[in-house]
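Subject: Structure handover

Hello,

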Amino acid sequence: MFTGEVYGVQMPGISGSFEVLDKHAPLVSALKPGRVKVLQDKQNHYLHFDIQGGFVEVLNNRVTVLAEGATAVESE
């Protein structure tokens, strides 16, 4: 649903929300239902996606989210 360079990504992890920024350590995590926030830049431009759960992989400065039931949400 989205591909591009971003400043960061906030996600609903199983143990709580977390954020991935530039040069984050590699990780794989399960995601619970909730909202993924894609921070497009430091000027507070962002996109929202509601998900029904899934997984995230962070590797080599790239974030890949594999989510069920993802829908884009208008920014509030």
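Below is what turned up, grouped by region.

First, a caution: this is a predicted model.

**Strand E1 and its partners**

E1 covers residues 8-13. Five of its six residues are buried, so the strand is mostly covered under the cut-off of 20% relative accessible area. E1 pairs with E2, residues 16-21, in the antiparallel sense. Six bridges hold that pairing. The two strands form a hairpin, with two residues between them.

E1 also pairs with E4, residues 34-39. That pairing is antiparallel too, and it has three bridges. Gly 8 takes part in both pairings. Its bridge partner in E2 is Leu 21. Its bridge partner in E4 is Leu 39.

**Salt bridges**

How many salt bridges does a search of the whole structure find? The search finds two.

One joins the side chains of Arg 35 and Asp 50, at 2.8 Å from N to O. This pair links distant parts of the chain. Arg 35 sits in E4, while Asp 50 sits in E5, residues 46-51. They are 15 residues apart. Arg 35 counts as partly exposed because its relative accessibility is 31%. Asp 50 is partly exposed as well, at 24%.

The other joins the side chains of Lys 23 and Asp 22, at 3.3 Å from N to O.

**Backbone points to check**

Most residues other than glycine have a negative phi. Two residues deserve a look here.

Lys 23 is not a glycine, yet it has a positive phi of about 60°. This residue is in the loop between E2 and E3, the latter spanning 27-31. Is Lys 23 buried or exposed? Its relative accessibility is 68%, so it counts as exposed. The cut-off for that class is over 50%. Recall that the Lys 23 side chain also meets Asp 22 in a salt bridge.

Asn 44 is not a glycine either, and its phi is positive at about 70°. It lies in the loop between E4 and E5. Asn 44 has a relative accessible area of 54%, so it is exposed.

**Rings and charges**

A search of the whole structure for aromatic pairs finds zero. A charge does sit over one ring, though. Lys 37 lies over the face of Tyr 46, at 4.5 Å from the ring centre.

**Nonpolar surface**

Which residues form a nonpolar patch on the surface? They are Met 1, Phe 2 and Val 6. Together they have about 290 Å² of accessible area. Phe 2 is in the segment before E1.

**Strand E6**

Leu 59 is in E6, residues 54-59. Its relative accessibility is 42%, so it counts as partly exposed. Leu 59 and Tyr 7 are 52 residues apart in sequence. In space they are 15 Å apart, C-alpha to C-alpha.

**Where to start**

I would open the view at Gly 8, with Leu 21 in E2 and Leu 39 in E4. Then go to Arg 35 and Asp 50 for the salt bridge. Finish with the positive phi values at Lys 23 and Asn 44.

Best regards

Key
Residues are numbered from 1 along each chain as its sequence is written. This is a predicted model: local features need pLDDT of at least 70, side-chain atom pairs count only at pLDDT 80 or more; totals for chains, interfaces and linings use all residues. Side-chain values use heavy atoms; hydrogens and water are left out. Patches are made of residues with over 30% relative accessible area and no salt bridge: like charges are joined within 9 Å, nonpolar side chains (Val, Leu, Ile, Met, Phe, Trp, Tyr) within 5 Å. Accessible areas come from the Shrake-Rupley method with a 1.4 Å probe; for residues, only the protein chains shown count as cover. A salt bridge is a side-chain nitrogen of Lys or Arg within 4 Å of a carboxyl oxygen of Asp or Glu. Helices (H or I, at least four residues) and strands (E, at least two) are DSSP runs, numbered from the N terminus. Buried means under 20% relative accessible area, exposed over 50%, partly exposed in between (1.4 Å probe, protein chains only). Rings of Phe, Tyr and Trp (its six-membered ring) pair if their centres lie within 6.5 Å; planes under 30 degrees apart count as stacked, over 60 as edge-to-face and the rest as tilted. A charge sits over a ring if NZ of Lys or CZ of Arg is within 6 Å of the ring centre and within 35 degrees of the ring normal. Two strands pair if DSSP finds at least two bridges between them.
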